[in-house]
Amino acid sequence: MKTGILFTSRNNYDLLDYWLKNVNTEGLFILNIDEDSTPENKIKGKEVCEKHCIAYMDREDRGMQNNITSACNIFKKSNLEWIIWFQHDCFPITNKFFTKFNELVETGKLDNFGSVGFNIKHDGVYQMLSRTPLQQPNRDMWNRFDINTPLPLEYNKVHSVESVSWMCAAVNINQYLKEIIPTGEYQFFHAWDDIAFQFMYKNIHNICIPFLELSHEQIIKKDFNMPVKSPLAKTEEEAKKREHYYGKWGHHKVWESRWGFSYDDNSTFEEVKENYSGTLIDKFYNHNLNTGPLQIFEL
């Protein structure tokens, strides 16, 4: 196997335990990095990892991107080439999911890509193929389709995306270490989007593999007394609970300061588009989702 699995956990080890009990990881190496859980949750995390024979470590530098750097350095020592990272409420539903992805890795056909996403069945409502902050129409910043209808033929092929649906995301270890400048400014939210945009700025494609499917089941968090909709916090109490599980807020401001436009308003890209001339970022901005993918790949 040339692929490993990464979890980044913060005070959510009951959910990790549930995931590990219910998923056949097909013999892949698994690393869990703890992101500043409380002392009692660190103890629980170590117990869960020991029970399931997976590696545990405390984070080196804070934030998702720094965690991925740590994982890349560890995985490379075992000659692994790709990391698959999971949110704890996202579960593979394609039979032999990991074996099928690893077989693609072993062909070498993924070597030149940055990050890889999949077809995420979201809460039994949508098929989420990618995040689309730039393309028109951006469909609330997602390229998504009704779960009960077949995907349009052109989107049923491996295709280039702005940013993967990062309920589950894979990243090319060599490309990451070579091209990505990690920051701790994002602790969780938008960290994967920033990675995808860094790749696009270097004209490295991120892709979706739609025939590898997963189920994002947010409702399962209710069983563990966690917020079902992680970004929502309408009260001070909800905000504290969100920070308990996900770290600091404010990722929208971080995004705007780094990229020069608002993630939530692609019209603001007009003000900075000259900075991205000749890059995939510019190409996606000028692309219409309704015409099909920007580019299709044969694997």
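## Asp-17 and helix α1

Asp-17 has a relative accessibility of 11%, so this residue counts as buried. The model described here is a predicted one. Asp-17 belongs to helix α1. Beyond the residues up to four places away in sequence, Asp-17 touches Val-48, Lys-51 and His-52.

## The packing of α1 against α2

Helix α2 spans residues 39-51, and its axis runs 9 Å from that of α1, at an angle of about 10°. That angle is under the 35 degrees limit, so α1 is roughly parallel to α2. On the α1 side, the residues that meet α2 are Tyr-13, Asp-14, Leu-16, Asp-17, Leu-20 and Lys-21. Their counterparts in α2 are Asn-41, Lys-44, Gly-45, Val-48 and Lys-51. By class, the contact of α1 with α2 comprises 4 nonpolar, 2 polar and 5 charged residues.

## Aromatic pairs and an aromatic cluster

The structure holds 28 aromatic pairs. One of them joins Tyr-18 and Phe-224, whose ring centres lie 5.9 Å apart. The planes of these two rings stand at 65°, and an angle over 60 degrees counts as edge-to-face, so the pair of Tyr-18 and Phe-224 is edge-to-face.

One aromatic cluster is formed by Phe-197, Tyr-201, Trp-255, Trp-259, Phe-261, Tyr-263, Phe-269, Tyr-276 and Tyr-285.

## Charges over rings

Arginine side chains are placed over aromatic rings as follows. The charged end of Arg-144 sits over the ring of Tyr-126, at 4.2 Å from the ring centre. Arg-131 lies over the face of Trp-142, and here the distance to the ring centre is 4.9 Å.

## Helix α6

The buried residues are Ala-191, Trp-192, Asp-193, Asp-194, Ile-195, Ala-196, Phe-197, Gln-198, Phe-199 and Met-200. Among them, Phe-197 is also a member of the aromatic cluster. After α6 comes Asn-203, which has a positive phi near 60°.

Tyr-276 is placed in the loop between α8 and α9 (280-285). At 6% relative accessibility it falls under the 20% limit, so Tyr-276 counts as buried. When neighbours within four places in sequence are left aside, Tyr-276 is in contact with Tyr-201, Arg-258, Trp-259, Phe-269, Ile-281 and Asp-282. Of these contacts, Tyr-201, Trp-259 and Phe-269 belong with Tyr-276 to the aromatic cluster. The C-alpha atoms of Tyr-276 and Met-200 are separated by 9.7 Å, although the two residues are 76 residues apart along the chain.

## Trp-249

Trp-249 occupies the loop between α7 (236-246) and α8 (251-259). With a relative accessibility of 37%, Trp-249 counts as partly exposed. Glu-185 is 64 residues away from Trp-249 along the chain, and the C-alpha atoms of the two are separated by 10.0 Å.

Note on methods:
Residues are numbered from 1 along each chain as its sequence is written. This is a predicted model: local features need pLDDT of at least 70, side-chain atom pairs count only at pLDDT 80 or more; totals for chains, interfaces and linings use all residues. Side-chain values use heavy atoms; hydrogens and water are left out. Helices (H or I, at least four residues) and strands (E, at least two) are DSSP runs, numbered from the N terminus. Buried means under 20% relative accessible area, exposed over 50%, partly exposed in between (1.4 Å probe, protein chains only). Rings of Phe, Tyr and Trp (its six-membered ring) pair if their centres lie within 6.5 Å; planes under 30 degrees apart count as stacked, over 60 as edge-to-face and the rest as tilted. A charge sits over a ring if NZ of Lys or CZ of Arg is within 6 Å of the ring centre and within 35 degrees of the ring normal. Axes are lines fitted to C-alpha atoms, for helices over the stretch in contact, and angles run from 0 to 180 degrees between N-to-C directions. Angles under 35 degrees count as roughly parallel, over 145 as roughly antiparallel, 65 to 115 as roughly perpendicular and the rest as oblique. Contact means heavy atoms within 4.5 Å. Ala, Val, Leu, Ile, Met, Phe, Trp, Tyr, Cys and Pro count as nonpolar, Asp, Glu, Lys and Arg as charged, and the others, Gly among them, as polar.
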